[in-house]
Amino acid sequence: MNGHRQRPGPAGWAARGALLAALAGLVLVVPAGRGNVEVHVFTQAAIYAVIGLSLNILLGYTGQISLGHQAFVGIGAFTAAYMVSRAGQPFLAGIVMAMVVGGLQALVLGVVSLRVTGLYFALVTLAYGTMAEESLFNIQSLTGGSAGQPAPKPAGFSTDLRYYYLCLAFLAAVIWVDWRLMRTKGGRALLAVRENPKVAATNGVDVKVYTLMAFVVAGVFAGLGGALLAHNDTFVVRDLFDFQLALVFVIMTVVGGLRNRTGVVLGSAFFSLVGYFFDKLFSGGLHVPGLKVLPKEYVPIVIGPVLLLYTLTRHPGGVGQQIRPLQRWLRGGRFSFKDTHERDVRVTDARA
Amino acid sequence: MSAHVLAQAVVIGVITGAGYGLVALGLVLVHKSSGVFNFAQGEFGTVAVYTLYRVHDRIGVPLVPAIAVGLVASVAMALATERVVVRRLFDAPRVTLLVATAGVALLAISLELWLGEARLRFIQPALGRLDRFSLFGVQVSDQRILILVALLGLAVLLGLFFSRTNLGLAILAVSQEPVATELMGISVRRLSSFIWGLAGLLAGVAGMLAAGDAKSFGPGFMTFGALIPGFTAAVLGGMNSLPGAFVGGVVVGVAQSLAVSSSAFKAIPGPGAVMVFVLLVVVLTLRPQGLLGKA
Amino acid sequence: MTRRSSRVAVARGAAVAVALLLAAACGQKSDVGPARSAAPAPAGQDAAGGGAAVAAGPGGSAGGGSDVSAGATPGPVASGASGGTAPAGGSAASPAGGGPTSPASGAGSAGAGRGTTGSAAGPAGSTAGSPGPTGRGPASAGGGASPGAAAGSGGENGGPGATSPVPAPPSPAAGDRTGVTEGKIRIGVHAPITGAAPFPQSAFDKGKDVYWKYLAEKGGIFGRNVEVVFRDDQFNPSRAVQVCREMVEQEHVFILMGAAGSEQITACARYANSMGVPYLSAGVNEDGLTGLSSYFATSQSYVQQTPVLVSYIVNKLHKTKIAIVMNNTPALNETQQSVTKLAQAAGLDIVRNSRIGKNASDSELLSEANALRTSGAEVVYLLTSPVNFIKLATNAQAQAYSPVYLGPGITNGLNIVAEAGCPAIGAAKFLSPFPQLDVIDKLDPDYQKSYEKYNGGRGDDIGLAEWGLSKVIGAMLQAAGKDLTRQSFVNALESGRDFTTNVYPVVSYSGSIRFGAKSSHLLEADCNSRTFKTIAEFTTGF
């Protein structure tokens, strides 16, 4: 039984409120004063957060590793582009279709994952991602082949800034849906499965069904992310969805902190923005004497693996774990550094 | 498809498959001894090639010592991976290790892109005769014969190593019973380093031969071109079977080649990648232990 | 302390913080860039209205566009115009079947189609020959009117089949001086430094400023020096749009240029058009670029180069069995058709006609090389990136097969291709807008002199290409006058005058003619020296 828990005073609440407001201001207000090209980068950060959350569901809740997540996203992107450019449908129809296709394709992969587990499933997703990049995304009639497919922004949100707010709204919706889902019976069942599948099974949890559901939700979110990405760039080319992107997605989720929504959002945003900030610091690239210039495009894939390895070996909880004291404080608790260390990253498939 | 085209596809497939088999050998080796899927196996090879190129073309070292330097580089990279990543995560779930090795691969690719520039480099083949003999209308060059010979030789050597030598047996013991092995006085750590070094060596050889055959290489070329076929070959042959790697490699190579040359696949872009993917899924669902593996 | 008062405190704190932040943010200026007369019409953006802006494209070119294709592509041009069928990806595809104006009829109706949709007529109408009296430049009311009018009528035709909607271009504000200051003009160039050819990263750095430094010593352009911003588009159209956006919206360049790469040039040209920024590029495809009011090609398009090459095969090579191999992108469909047609008309035997992936895998190229050998082609008419070409030739050589490679192009005739590809490429021949180093001293001795002066050492052929291109641009900037605006620049181009550099071919444009180069150079690989040599200068045929 806890002792008397101290509630923060009004000053404490004011401080917490100010911090939240500052964060809100950072996200909502600062981009308004920036040029289009910069807002485009911020929008990408929001979209990456959506993608990170989708991968988080897969990785964190079903414990299945997907090294082909860029294919999930790419399918969503090309679907949206196709709907808008070739089929002449409105923006929203493209989004919905992208989510449907994303969910369907994830379902197929989910069915495969029931037979093929753990390491071998990771292999399958990698092969799937490569196949998508070389084959699926090259089908001229669907994706424009190597010339790509245009995906103009929707009417009403045609400026970069408006589109940014739209994407933020989608991100908020995804966070909310994710939160609610994990509170449902299905979500709690998944958590139980992850901890100990045998116990969960004896308690009447149908492991298979809930795993498939998780796959579908992940696929839906990924499809959404892809669609938003397509419109942000106004042009989709298959070159974007390569092996490096697949790993960046995994890295940003793991470094962000599995099963920690805030961490994943922060991690994803970080990897999307790191090139931008780097460019601000070293415009034209980092000149290391004796080495070639490091351009901003390569920064995420240079520091990503380093951060990944660091996270896996030292701080498996990732960023999410590190900011836990802050989260606790914001909710009205004390600010303490206890419990900032998880023992290892349970990326594993409980069934593997 | 005419018989002539078919025969040509098979010949080409055997040759590229031999390259995949070399990669698969390294993968099976690591998996057999520690259960790890080494996603960095391809990059060990790419690093060897880049080092060879840098030393031979830019610094001017003659070919044979340059090759040695390149192999040293890939072995060093493998050892470093083992020490920094694998050892730290020794008790972690195997999937975590998979992700970690994938991270190593990405780091290597990013460094290649940064320091080596994102362009394809073309090389002149070291071995002269391009038309050593002709098989079904396909010219088989010295380079290609070398690949086949290397693969066969290495597979045989490794097989003997594991079954006849003490060290080989010790490695097998470690993979099955690490504690008991340690109690018998064998250093598990040293064995682990040895295995990874050997895998690095195999990858280096595979990379150099592949680059020599294609006469070009670029950042990450082994990961993009040979890692998935290599894994498929290993799975197909049986993830724990060394001769299986060889067989699997040839099968994957031939299947891929047939897919690319077959007119049935004209409408599908990237038929090779599709074929490899399908093969992988089929094997994993129908016969997960592979052709030569034990159930 | 009660719950309620603590919540009030939080709310107060938040309100204060937000207010502070708003004040801070509003104080910042947006660096969106100078005002444009019309924002890229959002109406053109959503798919339903997509047909609208789409129609504006070819409508604008009706009667204009590529009339230089005379003799080249009469019939099959519908490929570009029809929407649904041919994956037009990037082309300003008008709705299939066309709109109110009768498609493909004479120039008259096509000309009148300028202000209305003039849809399917687009390029087809142009070959009827007459530039059309309405084919004036973008500055005229036509520029502003056509999007509007087209938007109205285009709406009916929008819908399925309308690919890639083109946002209506704003009529350039009179006096748009972005990128021009008292002492400096800033231009932006994008090129596939990575992805298409094995260029080292610094390949373009040394040569890009040589001509401008040379010119600066002679007083510059009415006292202004030219600064070049050079970006890598990674041979990827999405990236091309991104770097073009950055150059226009962040670096505020005066004009944009595309060095090579059909899809990238097409994507960027459409973007530049929507922003009212003049865009010049090496000649590539015409499909997708016709009808863009701010686009000008500085060298012959692939379609224009076709008759030159076919005549070479017939009259100089005396070979009859040819194979056609091209990148599998929609932009090149027109070129494939034109080559096929001309070759057949010339009595050549096309033994293989195939497309390969833009980023073809090694096995695909091996398979193609094999197929070429089996077909027995003596000449391979090639339109693909240098990387694909070198790999293809290498695979062919490994099969003891050595046809004559030839083709249009911009980058295939560079020495790095010879260095990497010899001996497999044999005596490959490519057309090029620039001559090679073996004749440059005769044509323009200033190049090597200036290169030596500013960089030290002999200039390479990439520097030569940059020199030639800069010379052309310099002449154009000069012609635009002291009061340099985007409008005056475009006017100078459309005036019909010749721009002669003695390096690049002579170019001249008009309101409707945007592919205004008159000739090309033919280069041939010399594998003994691993360089390309010029075997015909300023040639128009053989």
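Q: Which residue of β9(C) does C:Val379 stand opposite?
A: C:Val379 stands opposite C:Val404. Strands here are DSSP runs of E with at least two residues, and helices are runs of H or I with at least four, both numbered from the N terminus.

Q: What sheet has the order β7-β6-β8-β9-β10-β11-β12 in chain C?
A: An open sheet of seven strands, with mixed pairing. Its edge strands are β7 (349–356) and β12 (531–539) of chain C, and each pairs on one side only. The twist averages 20° from one strand to the next.

Q: Which helix packs on that sheet?
A: Helix α12 of chain C, residues 362–375. α12(C) touches β6 (321–327), β7 and β8 of chain C. Its direction makes about 175° with that of β7(C). Axes are lines fitted to C-alpha atoms, for helices over the stretch in contact, and angles run from 0 to 180 degrees between N-to-C directions. Contact means C-beta atoms, placed from the backbone, within 7 Å.

Q: How many residues does the contact take from chain C and from chain B?
A: It takes 21 residues from chain C and 21 residues from chain B. By class, the chain C side has nine nonpolar, nine polar and three charged residues. Nonpolar covers Ala, Val, Leu, Ile, Met, Phe, Trp, Tyr, Cys and Pro; charged covers Asp, Glu, Lys and Arg; the others, Gly among them, are polar.

Q: What about the pLDDT of chain C?
A: Chain C averages 75, and 68% of the residues score at least 70. pLDDT is the predictor's confidence in each residue, from 0 to 100. Over residues 21–164 of chain C it stays under 50. Where pLDDT is low, the predicted coordinates should not be read in detail. The model scores ipTM 0.90 and pTM 0.82.

Q: How many helices and strands are in chain C?
A: There are 18 helices and twelve strands. Of its 542 residues, 65% are buried. Buried means 20 or more other C-beta atoms within 10 Å of a residue's own, exposed means 12 or fewer, and partly exposed lies in between, with C-beta atoms placed from the backbone.

Q: And chain B, what does its secondary structure come to?
A: Eleven helices and four strands. Buried residues make up 59% of its 295 residues. The C-alpha trace spans about 60 × 50 × 35 Å along its principal axes.

Q: Last one: is A:Lys280 buried or exposed?
A: Exposed, because A:Lys280 has 10 C-beta neighbours inside 10 Å. A:Lys280 is in helix α12 (residues 261–281) of chain A. A:Lys280 and A:Thr311 are 31 residues apart in sequence and 26 Å apart in space, C-alpha to C-alpha.

Notes: Residues numbered from 1 in each chain as written. Chains lettered and ligands numbered in written order. Predicted model: local features only at pLDDT ≥ 70, side-chain atom pairs only at ≥ 80, totals over all residues. Pairing = 2+ DSSP bridges. Contact = placed C-beta atoms within 7 Å.
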